[in-house]
Amino acid sequence: VQDRHSDNSHLALQAKHTEQHEGRLYNIPLEELSAVFPHGLPHRFQQQVLTFNEARVMVRKPALELLAYLKGSNFSHPAVRYVIYGERGTGKTMTLCHVVHYCSRQGWLVLHIPDAHLWVKNCKELLQSSYNKDRLDQPLQASVWLKNFKASNERFLQEIKTQKKYMWGKRECTEEGRPLREVVEQGLARVRSASDAVGVLLRELKQQSHRGSFRLLVAVDGVNALWGRSTLRKEDKSPVCPEELTLVHNLRKMLMNDWSGGAIVTTLSQTGSLFKPSSAYTPQELLGKEGFDALDPFVPIPVPNYSPKEFESCYGYYLERRWLQHEKGQGWGGKRGMRVLGLELVSSKWAKKLDKLNTDFCTHRDAQSFAVPSVSLQGPRTFPPCASGLISSVCPCTPRVST
Amino acid sequence: MAARAGRCCRAGLSCGALLSPALLSPAVLSRAPATPRWGRAAFSSAPAVSGREGPQAREGSVRRRGRTLQFVRSAAPPRTERMAVDQDWSSVYPTAAAFKPASVPLPIRMGYPVKGGVPPPKEGNLELIKIPNFLHLTPPAIKKHCAALKDFCTEWPSALDSDEKCEQHFPIEIETVDYVSSGTSIRNPKARVVTLRVKLSSLNLDDHAKKKLIKLVGERYCQETDVLTITTDRCPLRRQNYDYSMHLLTVLYHESWKTEKWESEKSEEDMEEYVWENSHSQKNALDTLLRIKASENVSNVTKEELLASEVVKNYRNSVIALKNEGETESNISQYKESVKKLLNIQA
């Protein structure tokens with residue numbers, strides 16, 4: 001158990017994750033985490049980071065495969081598109097985050113769109129675009145994304161210069177040769193032009209990536225949102241097609257493989273998608289005809305549930321962190337005289353039930369009142385440390401932040 | 001004694017078991033509304049009446065019921081006990097008849113079971129009487145029917161001894177139904193319906209004609225069995241409907257061979273299956289390859305050369321399989337391999 005969870009972060013630094021590390025968890029220091037991932041981590045993983053006070057990412061085969069492709073790719077060729085797909089809760093977003101972390105450690109410029117679905121639904125403000133009358137701007141979404149992008153890529157924004165003069169409205173403009181940081185700040189300051197700022201940013205990056213001064217990684221989570229339907233409506237209650245949104249339009253252009261000097265890694269996601277059945281997970285089902293034709297030819301990368309080895313690793317990790325407790329293991333029986341729960345794996349449904357025993361000590365009697373199902377191999381998401389309030393209910397004495 | 005025992009038999013216990021009356025509890029008796037052959041059936045057979053004080057079957061006993069006197073006669077044992085195993089069943093049930101429990105020597109139970117019990121037995125079981133039965137159509141009975149009909153039949157041609165030969169010589173199947181009922185009229189309006197079935201593989205159709213025919217007939221064509229079914233009933237007579245269906249087939253055949261001017265406007269949505277040529281996929285692949293070649297400074301590579309290359313052919317096949325057959329694990333992995341070869345990605 002010990003060596004499984006030893007700090008392999010130095011290996012990540014040298015980008016030396018190979019097949020032998022499969023199933024192991026490597027650590028990302030927390031400062032780096034907030035720098036690389038201002039947005040984009042799955043919610044459950046964020047809660048796990050808060051609970052355990054460390055960020056451990058499991059090294060899995062799909063991520064290793066992707067990293068191997070990226071290492072061996074020819075950057076003078078057009079950017080290759082990789083589409084990560086898989087059933088719900090199998091770890092697609094975590095694979096994407098692993099790749100993003102690797103690339104940022106390697107010094108790439110990472111253009112990470114955390115969830116493209118957020119751009120096609122629940123948008124309070126839709127403004128008519130000043131650049132193109134037919135399109136609609138989304139100032140809030142654009143400004144939020146610009147803020148996060150700026151937080152993770154400060155260095156590049158200073159180095160890369162614009163190649164054209166851009167007019168924001170009648171009076172303001174950004175001259176040629178200014179650092180891109182000014183474009184971003186313009187978008188943040190004038191929220192109305194945030195969407196156009198995003199468009200300018202994407203355009204500049206695309207045009208300059210082939211020069212070789214930086215490598216560009218375009219990471220989009222939930223790429224099927226760009227070619228799906230949206231629930232937004234215009235003022236006359238007519239539905240909005242995604243291509244009428246400036247952000248979506250510009251991102252679609254970014255995902256074309258007419259630029260070189262980087263790679264495009266995307267994820268398909270059914271959760272959060274609109275008008276797609278919950279059983280859909282394959283590329284054609286989620287992307288539709290239009291999306292498939294736009295992304296074709298891409299390399300599909302399937303992400304399966306945990307293999308037995310990965311399962312053992314994750315289980316061992318939670319045992320080690322004392323999240324799951326075992327009767328026979330290092331019990332907590334002693335001081336408080338509490339009986340320890342001997343638990344098999346809890347699915348999130350049961351974990352939520354256990355969560356309700358909030359402040360009471362979870363005695364053996366109480367535990368027996370739940371028939372805990374025994375479990376066959378589950379996927380990553382049925383291990384929700386966040387949903388299981390075990391620690392808080394069993395041991396109120398355990399500090400939330402372990403030292 | 002035997003008669004008494006026989007009657008007790010019918011009182012809800014398994015048939016054929018002889019029980020002494022001493023073992024019988026009044027409750028058992030009260031549960032059984034036995035259907036006697038004579039006499040008491042005319043009066044209500046409410047079980048409560050034949051309850052505890054009820055008459056044990058006594059031959060020739062007299063019972064006072066209300067103001068009238070009644071002679072209670074014992075019921076004879078059912079006919080099933082006297083049936084031989086190898087009897088001629090078609091004489092027991094020569095025609096369609098209701099279910100008679102005393103004539104059917106089978107221990108059938110039917111109905112919703114009592115709580116903790118079993119479905120009710122066949123004696124006095126209205127459910128069994130209500131439903132249609134085919135006791136008159138057992139295989140030996142059918143054999144007898146066939147033997148009787150044989151004199152009216154002609155011989156099957158000896159040359160047509162297999163299904164394939166039948167299909168080859170007689171590709172069109174006509175189905176008509178004749179109705180016979182007991183009534184004053186021999187006419188039945190349902191008898192005019194004619195169903196024509198033909199396999200498209202037996203018709204002389206080229207690719208375009210077949211697709212056009214399938215589009216014209218719509219629902220009437222079954223993809224799995226390649227059978228076109230035309231059902232006609234718009235004319236009052238069967239012969240007229242038959243002529244009409246043959247006319248329809250002829251018209252369909254000839255029309256599908258013709259090519260109209262507007263058929264050239266057939267778009268991608270109208271296509272029955274995915275065609276890779278002139279598709280987005282082909283365009284994307286060619287563009288990508290041209291860009292790759294340009295980046296390597298390899299010029300004067302023509303589109304035809306690219307299209308003829310092995311990797312592109314591989315890619316084409318995988319995309320066609322993916323689109324036509326749907327997405328399976330093998331299809332997707334084949335597509336992945338072909339894209340890796342196309343874009344020259346090394347792990």
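A residue is called buried at under 20% relative accessible area, exposed at over 50%, and partly exposed in between, using a 1.4 Å probe and protein chains only. This is a predicted model, in which local features need pLDDT of at least 70 and side-chain atom pairs count only at pLDDT 80 or more, while totals for chains, interfaces and linings use all residues. Residues are numbered from 1 along each chain as its sequence is written, chains are lettered from A and ligands numbered from 1 in the order in which they are written, and side-chain values use heavy atoms, with hydrogens and water left out.

**Interface of chain A and chain B**

- Chain A brings 28 residues to the contact and chain B brings 25 residues, where contact means heavy atoms within 4.5 Å.
- About 2300 Å² is buried between chain A and chain B, and carbon and sulfur atoms give 56% of this area; buried area is the accessible area (1.4 Å probe) that two parts lose on being put together, summed over both.
- Of the area that chain A buries against chain B, Tyr69(A), His77(A) and Pro297(A) supply 23%, more than any other three residues.

**Salt bridges across the interface**

- Three salt bridges are found between chain A and chain B, a salt bridge being a side-chain nitrogen of Lys or Arg within 4 Å of a carboxyl oxygen of Asp or Glu.
- Lys289(A) and Glu268(B) form a salt bridge in which the closest N and O atoms are 3.2 Å apart, and a network of salt bridges links Lys289(A), Asp293(A), Glu268(B) and Lys323(B).

**Salt bridges within a chain**

- Over all chains, the whole structure has 32 salt bridges.
- In chain A, Arg105(A) and Glu32(A) pair at 2.6 Å, N to O; Arg105(A) lies in helix α5 (residues 92-105) and Glu32(A) in helix α2 (residues 30-36), so the pair ties together parts that are 73 residues apart in sequence, helices being DSSP runs of H or I with at least four residues and strands runs of E with at least two, numbered from the N terminus.
- Arg105(A) is buried at 17% relative accessibility, and Glu32(A) is buried at 19%.
- In chain B, Asp226(B) and Lys210(B) form a salt bridge with their closest N and O atoms 3.9 Å apart; Asp226(B) sits in the loop between β5 (221-222) and β6 (227-232), and Lys210(B) in helix α7 (residues 207-217), 16 residues apart.
- Asp226(B) is buried, with a relative accessible area of 14%, whereas Lys210(B) is partly exposed at 31%.
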